[in-house]
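Trainee: I am new to this structure. Please take me through its core, one step at a time.

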Amino acid sequence: MVNLVKPLRMHRWLIPLLLDYSLAALAFVIAGVWGWVAYPVSILLLGIAQHRIAILGHDAAHGLICRNKKVNNLLGQLLCFWPLLFDIDAYRKFHWDHHRHTGADGLDPEMHLKQDNYHLPITKKQLYGRFLFDMIGGSIKEFVNLSVYMGKRSKPLWALSFMALAFTASYYAGHVEFFALYMISKPTAFWAVFRMRIYTEHTELPVDGTHRLHLSLWQRFLFAPHYTWMHWEHHQHPHVPFWQLPALRLKYNNVPVISFNDLLNWNKRAKLTGLEEEMALAAMDMQVRKTA
Ligand SMILES: [Zn+2]
């Protein structure tokens with residue numbers, strides 16, 4: 001059983017972060033070696049790497065890197081949110097409002113940003129079609145909305161200083177295209193994998209509802225890294241670091257775990273099997289927990 005008061009261990013956060021940075025470095029290497037023919041793969045890898053770093057930033061915003069709050073916030077800001085061009089404090093406020101009011105219209109800021117763009121059921125053809133559409137920048141308007149929302153709440157110094165530094169570094173490295181690839185990956189590949197993950201979290205569930213999922217290895221790598229697919233467990237215990245989520249999963253056996261296919265058929269299959277009622281009951285249980 002997971003020990004919920006176990007001390008935090010910085011290396012359990014830092015080592016995965018270094019691997020994510022290595023993935024971004026690999027993206028630059030293949031672009032540098034093979035040139036423009038490798039740019040699409042490079043952009044995809046950069047989007048995946050940024051998304052993975054964002055998930056570790058999420059742990060930092062929850063204060064889960066180490067007990068020393070100042071060190072926690074500094075590491076989260078410099079290593080995760082700075083390259084994402086946001087402010088950890090702005091994200092923390094946004095994200096805690098999401099935890100407190102999950103799925104509540106007008107109170108959960110995610111609902112405001114998702115607008116009417118996420119519905120289930122969805123066919124694989126529609127989902128992967130949308131992935132490709134995002135990859136070519138078709139959803140740049142949604143990305144801009146998020147950037148403006150977070151940008152208004154962040155200190156502009158973070159975004160400006162990172163872009164200035166990244167541009168200067170790539171210019172002097174003789175690969176100014178690295179900066180362009182990094183920036184292009186944000187409204188394209190990053191957004192494509194971000195959307196896939198958002199689908200897996202709360203789509204079509206009542207207030208305080210979270211899907212409880214099991215994903216395959218390739219799905220975890222592509223869009224649900226660092227156990228973020230155990231989002232149900234995270235909402236039950238937001239003070240548990242990501243690397244303890246698998247142990248936490250074993251603690252609960254009263255809420256069904258569904259596959260990605262089941263999720264895509266949600267509303268069709270859930271009504272038939274009673275899954276919808278079970279998840280609604282789990283959401284009610286969550287509300288009782290919050291108000292207790
Ligand atoms: Zn969270």
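Mentor: Start with a term. A nonpolar core is a set of buried Ala, Val, Leu, Ile, Met, Phe, Trp, Tyr and Cys residues joined through C-beta atoms within 7 Å. Buried means that 20 or more other C-beta atoms, placed from the backbone, lie within 10 Å of the residue's own. This is a predicted model, where local features need pLDDT of at least 70, side-chain atom pairs count only at pLDDT 80 or more, and totals for chains, interfaces and linings use all residues. Residues are numbered from 1 along each chain as its sequence is written.

The largest nonpolar core holds 54 residues. Those with the most contacts inside it are L46, A49, A60, C80, F86, A189 and V193. At least two core residues come from each of α1 (11–34), α2 (39–61), α3 (69–84), α4 (88–100), α9 and α13 (260–264). Helices here are DSSP runs of H or I, at least four residues, numbered from the N terminus. The largest share, eleven residues, is from α9.

Now look at C80. Leaving out residues up to four places away in sequence, C80 touches I53, A54, L56, G57 and A60. Touching means C-beta atoms, placed from the backbone, within 7 Å.

Next, α1 and α2. Their axes lie 8 Å apart, at an angle of about 165°. Axes are lines fitted to C-alpha atoms over the stretch in contact, and angles run from 0 to 180 degrees between N-to-C directions. α1 is therefore roughly antiparallel to α2; that term needs an angle over 145 degrees. Among the contact residues are L23 and A27 of α1, and L46 and A49 of α2.

Key:
Buried ≥ 20, exposed ≤ 12 C-beta atoms within 10 Å, placed from the backbone. Contact = placed C-beta atoms within 7 Å. Parallel < 35°, antiparallel > 145°, perpendicular 65-115°, else oblique.
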